[in-house]
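Here's a quick briefing on a few spots worth a look. Have the sequence and the structure open as you read.

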Amino acid sequence: RKKPLQIEKEKLMKIILRHTAGYGAIEPMLADENVQDVYIDSSSALVHLVHSKFGDCITNLHMSKDGIEKLSTRLRAISGRAMDASSPVLHAEIEEFGVRVAGICEPSTYKGVGFAFRRRKSSPWTLTEFVAAGMLDPMAAGFLSFVIDGKSSVLVVGPRASGKTSMLNSLSLFIRPELKVVTIEDTPELRLPMENWVAQVSRTGFGIEGATGKKVGEITLFDSLKASLRQRPDLII
């Protein structure tokens, strides 16, 4: 049995790690699987979250300017991307918590820095689950499975949090395993079940390279598309 002093030391060590190598004051929220979304809005002094049981909540946690700067530095490090005036939008993935991050700073906003953390489902949705949840009827699910099996072109669109990525992941389960698939994303979100899968991710650059106007080290979605066509894929997502 641990002694009280040992317990206190372990608690203190976790707090120190959280505020040095971790994600600061919001880390307990990111670790809580009941918390679906965490918002640090540039226009709000308090952190907001969406809880699976209690819905939208305003917390009593205030992120200081120093705390937000440390969080920004941490997210830039794990994403390998800039977040500054030349590249004011940041997309990252916190693998240990299964959380996607979208960050924004000036000049895209004039009220400071803001972040949105969204938890992904631990296992991808399936069409069967969509039907069970009343999001699709069986006829639509069956039709979509035939569309994917026939390698038809599909456009998945919708507003924020409408389930676009969840739908893409569920449709990928119907891709025949012998096919070669290339995915092109600005933030890695797709999780395909097959081994013959090439995942490409765009990357923001820094500075300006000569007269082209393109940033040093930048890989655009169009660059990724051109590269994917040279790999002779059966399907491109």
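**A buried glutamate**

E27 is buried (under 20% relative accessible area, with a 1.4 Å probe and protein chains only) but has no salt bridge, meaning a side-chain nitrogen of Lys or Arg within 4 Å of a carboxyl oxygen of Asp or Glu. The nearest side chain of opposite charge, R18, sits 5.0 Å away. This is a predicted model, where local features need pLDDT of at least 70, side-chain atom pairs count only at pLDDT 80 or more, and totals for chains, interfaces and linings use all residues. Residues are numbered from 1 along each chain as its sequence is written, and side-chain values use heavy atoms, with hydrogens and water left out.

**Around E27**

- A polar atom of the E27 side chain lies 2.9 Å from the backbone nitrogen of Y23.
- Setting aside neighbours within four places in sequence, E27 is in contact (heavy atoms within 4.5 Å) with R18, G22 and F97.

**Q200**

- Q200 is buried too, at 12% relative accessible area.
- Its side chain reaches the backbone oxygen of S224 at 2.8 Å.
- The Q200 side chain also makes a polar contact with the side chain of Q231 at 2.5 Å; such a contact is a pair of N or O atoms within 3.5 Å, and within protein one must be able to donate a hydrogen and the other to accept it, while residues adjacent in sequence count only if both atoms are side-chain atoms.

**F222**

- F222 counts as exposed because its relative accessibility is 54%, and exposed means over 50%.

Conventions:
Lys, Arg positive; Asp, Glu negative; His and termini not counted.
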